[in-house]
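Please look over the model below before reading on. My notes follow as numbered points.

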Amino acid sequence: MEEVAKYIYSDDAEQVKRIKNGLQRKKDKYGKEYCPCVAPAAHCEDTVCPCKNYRETGDCHCKMYKE
């Protein structure tokens, strides 16, 4: 059976809301939920939320997820 990763949101509800809004704007404009902290020139599969950095290190630059 395949394991599914679970991500836990930060306790800061306002920050989570801001980031989710940013993700939705990126999806509407660019077709994917690219990290709102990343400039469009850097968009790639590694910057789709949750980004590669978070998946590998647990460090969420946007502070949307807990470690």
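Which residues form the largest nonpolar core?

1. This is a predicted model. Its largest nonpolar core is made of twelve residues: Val16, Ile19, Leu23, Cys35, Val38, Cys49, Cys51, Tyr54, Cys60, Cys62, Met64 and Tyr65. Helix α1, residues 13–30, gives the largest share of this core, with three residues.

2. Ile19 belongs to that core. Beyond its neighbours within four places in sequence, Ile19 is in contact with Pro36, Cys62 and Met64.

3. Helix α1 has 18 residues and spans 25 Å from first C-alpha to last, close to the 26 Å expected at 1.5 Å a residue. Its buried residues are Gln15, Val16, Ile19, Gly22, Leu23 and Lys26. These lie on the same side of α1, because they cover an arc of only 125° around the axis. Ala13, Arg25, Asp28 and Lys29 are exposed on the other side of α1.

4. Gly31 follows α1 and has a positive phi, near 95°.

5. The peptide bond joining Cys49 and Pro50 is cis, with omega about -5°. Pro50 sits in the loop between α1 and α2, the latter being residues 52–57. Cys49 is also listed in the largest nonpolar core.

6. Lys63 has a positive phi, near 65°, in a residue other than glycine. Lys63 is found in the segment after α2. Is Lys63 buried, partly exposed or exposed? Lys63 counts as partly exposed, because its relative accessibility is 47%, and partly exposed covers the range between under 20% (buried) and over 50% (exposed).

Methods:
Residues are numbered from 1 along each chain as its sequence is written. This is a predicted model: local features need pLDDT of at least 70, side-chain atom pairs count only at pLDDT 80 or more; totals for chains, interfaces and linings use all residues. Side-chain values use heavy atoms; hydrogens and water are left out. A nonpolar core is a set of buried Ala, Val, Leu, Ile, Met, Phe, Trp, Tyr and Cys residues joined through side-chain atoms within 4.5 Å. Buried means under 20% relative accessible area, exposed over 50%, partly exposed in between (1.4 Å probe, protein chains only). Helices (H or I, at least four residues) and strands (E, at least two) are DSSP runs, numbered from the N terminus. Contact means heavy atoms within 4.5 Å. The expected span of a helix is 1.5 Å times one less than its number of residues. The arc is that of the directions from the helix axis to the C-beta atoms.
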